[in-house]
Amino acid sequence: DINTFKYGVANRGASIRIPRDAEKSGRGYMEDRRPAANCDPYRVTQIIMKTTGECLSAETIEAGGKTHTAFVFIKPHANNEKVQALVKEKLTSEGLTVKAEGQIKSNVIDKKKLIDTHYGAIAAKAVMLKPKDLVVQEKSQEEFEKMFGVKWSKVMEDGLVFNAMDGAKKLGISPDELGKKYDALKKGETIIKFGGGFYCGKVDDIYVINGFYMNMRSKFTAPGTSIHYYEVEWPAEKMSWADFRGKLLGPTDPAAAPAGSLREQIYSKWEDLGLKAQPDTGDNGVHASASPFEALAERSNWLRASISKDPFGKALLASGIPLPLLTKEWFSDPSVEFEGGKKSLFDLLEDLDAAACLKKCKEIALANKK
């Protein structure tokens, strides 16, 4: 009956014939046996491939939004066996699965610049980028001249501007010593803010970019120190990302963390846990990813996780976000155009659950499409 659609295995009288081998293996090809001599086979094939691809992408995106995977680590100042036991017990008791854990020593962190990649743009200006690579807006240059009595172009021309790493070498001091000198600078007198995470301070007779970072960095690269990390996952429906950070981890200031949170426990039990000092906003015991996207960036950096094999990574790729865009730009927390202004990518995605994070990533990519 030419007017009735039907399909069947090894049925040559059906509209669609499924070979026995395809039925057996659950994959393969099918035969469309309906009269269609006037169709363009290339156009039909293109439509089949496009429809199939969209269906597969939708499934991949849906799967990527169902599971949360985060990167958690104990900071060097708190990394001992007692804290490790406390953190792991808290994570597992809250229903999180620890997929992997381990130590990363300071010499590895230093050599591979893991902490520099972790801190993104702040670290890049202090360690990786040279002053000539930085863009100082005209207004900021005017403020610089007003504060220091010399044009920005002049100090650049005279070779008096250095990133923090090179600045320490120029002064013949250690990065730690530079950090202490930088901390002593006075806002509005000897240090100027050019933008978010972008500072320039006068140290002795030179100008140093983001010299404060060296103290931050040294805490992770000091000989004999290390971090202890946990790669954890849980069903997105069981715990929101906001609760993971706000309730399980606790806010940046451990003194304000809710009772029972990791940071509160480390803060209140610091002596029993064997810490040398009570935690504060900088040394707050433990770090955790601020969003599913940031977690992927951190796992790619610290653990060399494969984006194309990671469920959330595959979902991003299936959403039409190219791999080079992720690795070369987005993982460094760039400023992106969104909803009428430029904003930090990481800030835009903070505390979003996986499905919402994927949706917003796609919207941001479309808003910045060149």
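Okay, rings: Phe, Tyr and Trp (its six-membered ring) pair when their centres lie within 6.5 Å, and planes under 30 degrees apart count as stacked, over 60 as edge-to-face and the rest as tilted. By that rule, this structure holds 22 aromatic pairs.

Quick housekeeping. What we have is a predicted model, where local features need pLDDT of at least 70 and side-chain atom pairs count only at pLDDT 80 or more, while totals for chains, interfaces and linings use all residues. Numbering starts from 1 along each chain as its sequence is written, and side-chain values use heavy atoms, with hydrogens and water left out.

Back to the rings. Take Phe 148 and Tyr 207: the ring centres are 5.3 Å apart and the planes sit at 80 degrees, so this pair is edge-to-face. The pair links distant parts of the chain, 59 residues apart, with Phe 148 in helix H7 (residues 138-148) and Tyr 207 in strand S9 (residues 206-209). Helices here are DSSP runs of H or I with at least four residues, strands are runs of E with at least two, and both are numbered from the N terminus.

On to the sheets. Two strands pair if DSSP finds at least two bridges between them. Four-strand sheet to start: it is open, antiparallel, and runs S5-S10-S4-S11. Strands S5 (97-105) and S11 (286-288) stand at the edges with a single partner strand each, so one side of each has no neighbour in the sheet. Neighbouring strands are turned by 20 degrees against each other on average, direction ignored. S4 (residues 67-74) pairs with S11 over 3 bridges, in the antiparallel sense, and Ile 74 stands opposite Val 286 in S11.

What packs on this sheet? Helix H14 (residues 292-302), touching S4, S5, S10 (226-235) and S11, and its direction makes about 55 degrees with that of S4. Contact means heavy atoms within 4.5 Å; axes are lines fitted to C-alpha atoms, for helices over the stretch in contact, and angles run from 0 to 180 degrees between N-to-C directions.

The other sheet to show you is open, has 3 strands in the order S1-S2-S3, and its pairing is mixed. S1 and S2 (residues 16-18) pair in the parallel sense over 3 bridges, with Tyr 7 opposite Ile 16 in S2.

Now helix H18, residues 354-367. It has 14 residues and reaches 20 Å from first C-alpha to last, close to the expected 20 Å, where expected means 1.5 Å times one less than the number of residues. Ala 354, Cys 357, Leu 358, Cys 361, Ile 364 and Ala 365 are buried. Looking down the axis of H18, the buried residues fall within an arc of 125 degrees, so they line one face; that arc is taken from the directions from the helix axis to the C-beta atoms. On the other side, Lys 359 and Leu 366 are exposed.

Last stop, Tyr 267, in helix H13 (residues 262-268). Tyr 267 is partly exposed, at 24% relative accessible area. Beyond its neighbours within four places in sequence, Tyr 267 is in contact with Pro 254, Ala 255, Gln 278 and Pro 279.

Key. Buried < 20%, exposed > 50% of the residue type's maximum accessible area, 1.4 Å probe, protein only.
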